[in-house]
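Subject: Structure for you to look at

Hello,

I am handing over the structure below. My notes on what was found in it follow.

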Amino acid sequence: MKKIALAVTLASILSTNVQADALGIYLGGQLWDNQASGTFGDGRSQIDFNLVDEKQNSFFVAFEHPLPFIPNLRIASTSLETDGVTTLAADFEFDDETFRDDAQVSADFNVSYVDYTLYYELFDNDLLSFDFGLTARDFDGDVTLAT
């Protein structure tokens with residue numbers, strides 16, 4: 001009986017603790033300062049609207065679990081917005097509307113998207129982690145011009 005008790009004690013002391021990861025919910029976000037530049041128009045006329053640098057944001061939420069055959073989930077939302085104003089040097093047509101020469105035209109660019117990612121944690125420890133997954137993107141964007 002003492003030998004069995006000694007064996008169980010030694011086995012419990014020398015064995016490693018094996019358990020699956022617990023459930024995890026991760027929230028995060030970032031704010032970044034973009035520098036917008038470029039032109040807008042068709043192949044015949046490109047207009048520089050003197051775009052303004054803006055602060056942009058991005059947020060995410062992730063849900064992880066220990067079930068090996070069901071993927072983890074991460075949802076991220078990003079918005080990119082900027083505007084600008086210019087005085088036209090020639091007539092400009094956009095969305096079936098003609099903006100005349102010397103008109104002051106403001107432009108509003110708004111692009112946002114939501115990423116849906118399903119992924120598996122293939123390797124994860126304190127020094128290195130490796131995830132493998134697939135992302136689908138729901139993209140929404142528009143450009144508005146006004147005088």
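Arg-100 is exposed, with a relative accessible area of 52%. This is a predicted model. The partner of Arg-100 is Asp-91, and the two form a salt bridge in which the closest N and O atoms are 3.1 Å apart. Asp-91 is partly exposed, at a relative accessible area of 43%.

The count of salt bridges comes to 3. As background, side chains of opposite charge can pair when their charged atoms come close.

Another salt bridge joins the side chains of Asp-115 and Arg-137, at 2.6 Å from N to O. Asp-115 belongs to strand β8 and Arg-137 to strand β9, so this pair ties together parts that are 22 residues apart in sequence. Are the two partners buried or exposed? Asp-115 is buried, because its relative accessible area is 13% and buried means under 20%. Arg-137 is exposed, with a relative accessible area of 51%.

There is also a salt bridge between the side chains of Lys-55 and Asp-33, with 3.9 Å from N to O. Lys-55 lies in strand β4 and Asp-33 in strand β1, so the pair ties together parts that are 22 residues apart in sequence. Lys-55 counts as exposed at 56% relative accessibility, and Asp-33 is exposed as well, with a relative accessible area of 52%.

Now the chain as a whole. Its secondary structure comes to 1 helix and 9 strands. Along the sequence, the pattern reads α-β-β-β-β-β-β-β-β-β. The chain has 147 residues, and buried residues make up 20% of them. The accessible surface comes to about 11100 Å². Carbon and sulfur atoms hold 57% of that surface. As for contacts, take those in the chain with a separation of 6 or more: residues 24 or more positions apart account for 61% of them.

One is a patch of negative charge. Which residues gather there? They are Glu-81, Asp-83, Asp-108, Asp-138, Asp-140 and Asp-142. Strands β5 (72-87) and β9 (129-146) each supply at least two residues of this patch. The most comes from β9, which gives 3 residues. Asp-142 has its place in strand β9. With a relative accessible area of 37%, Asp-142 is partly exposed, because that value falls between the limits of 20% for buried and 50% for exposed.

The other is a nonpolar surface patch of about 690 Å², made by Leu-23, Ile-25, Leu-27, Val-61, Phe-63, Leu-73 and Leu-118. The elements that give two or more residues to the nonpolar patch are β1 (24-33) and β4. Leu-27, one of the residues in the patch, lies in strand β1. Is Leu-27 buried or exposed? Leu-27 counts as exposed, because its relative accessibility is 69% and exposed means over 50%.

Strand β9 gives 3 residues to the negative patch and holds Arg-137, the partner of Asp-115.

Last, two backbone angles. Which residues other than glycine have a positive phi here? Asn-50 has a phi near 50°, and Asp-102 has a phi of about 70°. Where do they lie? Asn-50 lies in the loop between β3 (46-47) and β4 (55-64). Asp-102 has its place in the loop between β7 (97-99) and β8 (104-124). As for the surface, Asn-50 is partly exposed, with a relative accessible area of 45%, whereas Asp-102 counts as exposed at 61% relative accessibility.

When you open the model, the three places to look at are the salt bridges, the two patches and the loops that hold Asn-50 and Asp-102.

Regards

Key. Residues are numbered from 1 along each chain as its sequence is written. This is a predicted model: local features need pLDDT of at least 70, side-chain atom pairs count only at pLDDT 80 or more; totals for chains, interfaces and linings use all residues. Side-chain values use heavy atoms; hydrogens and water are left out. Patches are made of residues with over 30% relative accessible area and no salt bridge: like charges are joined within 9 Å, nonpolar side chains (Val, Leu, Ile, Met, Phe, Trp, Tyr) within 5 Å. Accessible areas come from the Shrake-Rupley method with a 1.4 Å probe; for residues, only the protein chains shown count as cover. A salt bridge is a side-chain nitrogen of Lys or Arg within 4 Å of a carboxyl oxygen of Asp or Glu. Lys and Arg count as positive and Asp and Glu as negative; His and the chain ends are not counted. The place of a charge is taken as NZ of Lys, CZ of Arg, CG of Asp or CD of Glu. Helices (H or I, at least four residues) and strands (E, at least two) are DSSP runs, numbered from the N terminus. Buried means under 20% relative accessible area, exposed over 50%, partly exposed in between (1.4 Å probe, protein chains only). Contact means heavy atoms within 4.5 Å.
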